[in-house]
Amino acid sequence: MDKQVEISIEDLSEPLTYPAEAFTSPEYARAERDLLWPKVWQMAGRLEDIPEVGNFLTYNIMDESIIIVRTAADRLKAFYNVCPHRGRQLINTPDDVNSVRGRKPNFVCGFHGWTYSLEGRNTFVLDPQDWKGALTEERTCLSELTVDTWGGWIYINMDPDCEPLLDFLGDVARILAPFEFEKMRYKWRQWVVYPSNWKTAIEAFMEPYHVAGTHTQLLKYGEFYAYSKAYGKHGVSGFDERDPELRKAGGTSVTRAGGGKGSDPRISTYELARENYETVNYAASTETLVNAAKRLVDELPEGTSGQDVVKHWLASAKADDAARGVIWPEITPEQMSEAGLAWSLFPNQTILQGVTFALCYRVRPYGDDPNKCIFESYALERFPEGKEPKTDWVYAEPTAEKWGAVLAQDFSNMQWVQKGMKSRGFRGTLPNPHQERKVTNFHRVLSQYMGTAAPRLLK
Ligand code: FES
Ligand SMILES: [Fe+2]
């Protein structure tokens with residue numbers, strides 16, 4: 001049997017390998033139900049979905065369904081979605097609905113009418129005397145679990161002894177705090193049942209090492225040599241900005257669009273901003289940033305340096321946003337730089353943040369099928385108060401038309417990775433020790449939960 005050798009975050013810079021079993025084995029997928037999901041903090045939704053007392057949403061993970069309900073202006077509760085009488089789901093959660101939402105004064109079970117307050121207390125049993133006094137409050141109340149929030153997201157944890165959410169997030173919460181995600185709102189949200197393991201899918205968004213091979217249309221805009229860094233269970237990646245002037249101006253990190261590469265930075269800045277916006281389903285930039293970039297060629301003389309172009313661009317976009325009631329958060333260039341480009345929160349939440357927007361992913365297993373997942377992507381943005389769009393989860397086939405050209409390129413890899421890894425000719429993974437460290441860190445942490453062998457040195 002494999003001796004379990006723990007590896008540390010420092011070891012991740014060494015060439016490591018881990019087997020494909022985690023992606024392909026039905027036994028492994030079933031084991032996750034007991035060893036992984038009930039032990040981790042999971043992002044279950046956004047606060048904006050349950051603004052009023054009595055608003056609830058459901059979050060399903062494998063066989064489990066959870067109800068999160070607002071019980072007061074400043075309080076949430078989370079319950080397992082099951083009636084203590086004979087086990088009916090309190091809220092029906094059909095497979096073709098991403099998350100059930102609604103508003104109720106209390107929860108009434110559809111089977112025999114037992115009723116529960118928003119606080120989870122039983123308030124009605126038909127003919128309770130038949131139980132001869134055995135129906136205590138503890139037997140008839142809903143089963144509660146831990147819920148907390150960060151950045152406008154709602155998180156649940158099924159482990160009664162779990163560490164606090166902020167401890168679990170660690171440096172992530174500190175580094176991303178300046179972006180004030182809690183002030184952003186959904187711009188759109190889409191989901192699809194996709195033919196790969198959930199880890200195959202989430203890993204496609206953990207490293208920019210694939211940009212050169214997958215998103216080839218972006219290469220004309222610059223170099224995409226990535227760094228990849230672990231923060232505890234989580235990790236961040238970004239591009240090493242080789243141009244210190246651009247880094248000082250806060251280039252790539254502010255806008256996800258850098259200064260662009262080309263002889264006239266006024267034009268290349270606009271082209272990259274537009275490309276990012278249009279091909280990543282209107283999520284990797286904002287209309288304000290794109291419009292301000294479009295004006296650069298009129299507002300600045302020919303020969304303006306890349307750094308001055310970016311400075312001017314950001315200042316005018318910031319002013320445009322302020323004029324329509326969208327105030328940019330104060331983020332120093334050092335904070336921008338530390339925040340990098342793309343965060344992976346263990347196990348399955350991805351955040352690619354910009355100054356007024358974020359592109360996010362979440363991937364969940366589909367039942368215990370190792371070859372299927374529930375893939376979700378959504379865009380957040382700061383909107384003027386009262387101008388937030390009304391959005392809901394939209395089921396969308398994985399095409400360029402529905403998800404944008406860039407996402408479609410990612411989709412065009414994931415299912416074939418899933419198939420390829422099953423080959424007896426596949427000797428195990430060879431992740432890049434510098435640019436794919438987040439992926440290796442993910443497997444380091446995963447192996448701790450699953451009790452399987454940690455990634456091991458390639459020798
Ligand atoms: S199962 Fe809910 S009231 Fe009977
Ligand atoms: Fe990609």
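**View 1. Strands β15 and β16 pair side by side.** Strand β15 (residues 342–345) runs antiparallel to β16, and four bridges join the two. Here, helices (H or I, at least four residues) and strands (E, at least two) are DSSP runs, numbered from the N terminus, and two strands pair if DSSP finds at least two bridges between them. What you are looking at is a predicted model, in which local features need pLDDT of at least 70, side-chain atom pairs count only at pLDDT 80 or more, and totals for chains, interfaces and linings use all residues. Residues are numbered from 1 along each chain as its sequence is written, while chains are lettered from A and ligands numbered from 1 in the order in which they are written.

To find your place in the pairing, look for S344, which stands opposite T350 in β16. The two strands make a hairpin with three residues between them. The loop between β15 and β16 holds P347, and the peptide bond leading from F346 into P347 is cis, with omega near -5°. For comparison, most peptide bonds are trans.

**View 2. Strand β16 is largely enclosed by the rest of the structure.** Why is β16 described as largely enclosed? Five of the five residues of β16 (residues 349–353) are buried, so the strand is largely enclosed. A residue is buried if 20 or more other C-beta atoms lie within 10 Å of its own, exposed if 12 or fewer, and partly exposed in between, with C-beta atoms placed from the backbone. Q349, I351 and Q353 point one way from β16, and T350 and L352 point the other way. β16 also pairs with β17 in the antiparallel sense, over five bridges. Within that pairing, L352 has L359 of β17 as its bridge partner. β16 and β17 form a hairpin too, with three residues between them.

View 3. A nonpolar core is a set of buried Ala, Val, Leu, Ile, Met, Phe, Trp, Tyr and Cys residues joined through C-beta atoms within 7 Å. The largest one here has 94 residues, and I67, I68, I156 and A201 touch the most other members. β17 gives the most to this core, with seven residues. As background, nonpolar side chains tend to be buried together in soluble globular proteins.

Zoom in on I68 and, leaving aside neighbours within four places in sequence, you will find contacts including A44, F56, L76, A78, V147 and I156. Two residues are in contact if their C-beta atoms, placed from the backbone, lie within 7 Å.

**View 4. Strands β4, β5 and β10 pair through β5.** β4 (residues 64–72) and β5 (residues 75–80) run antiparallel, joined by six bridges, and form a hairpin with two residues between them. R70 has L76 in β5 as its bridge partner. β5 also pairs with β10 (residues 144–150) in the antiparallel sense over two bridges, and A78 stands opposite L145 in β10.

**View 5. Domain 1 and domain 2 touch each other.** The C-alpha centres of the two domains lie 30 Å apart, and 16 residues of domain 1 are in contact with 10 residues of domain 2. On the domain 1 side, β12 (185–194) and β17 (357–366) are the elements that give two or more residues. That side has eight nonpolar, two polar and six charged residues; Ala, Val, Leu, Ile, Met, Phe, Trp, Tyr, Cys and Pro count as nonpolar, Asp, Glu, Lys and Arg as charged, and the others, Gly among them, as polar.

**View 6. E381 is a buried residue in strand β18.** E381 is found in β18 (residues 369–381) and counts as buried because 23 C-beta neighbours lie inside 10 Å. Not counting residues up to four places away in sequence, E381 touches M184, R185, K187, T286, T356 and F357.

**View 7. D127 and E180 have positive phi values.** Most residues other than glycine have a negative phi. Phi of D127 is near 55°, and D127 sits in the loop between β9 (122–124) and α3 (137–140). Is D127 buried or exposed? D127 is exposed, with 7 other C-beta atoms within 10 Å. E180 has a phi of about 50° and lies in the loop between α5 (171–176) and β12. With 18 C-beta neighbours inside 10 Å, E180 counts as partly exposed.

Notes. Domains from an automatic or database assignment.
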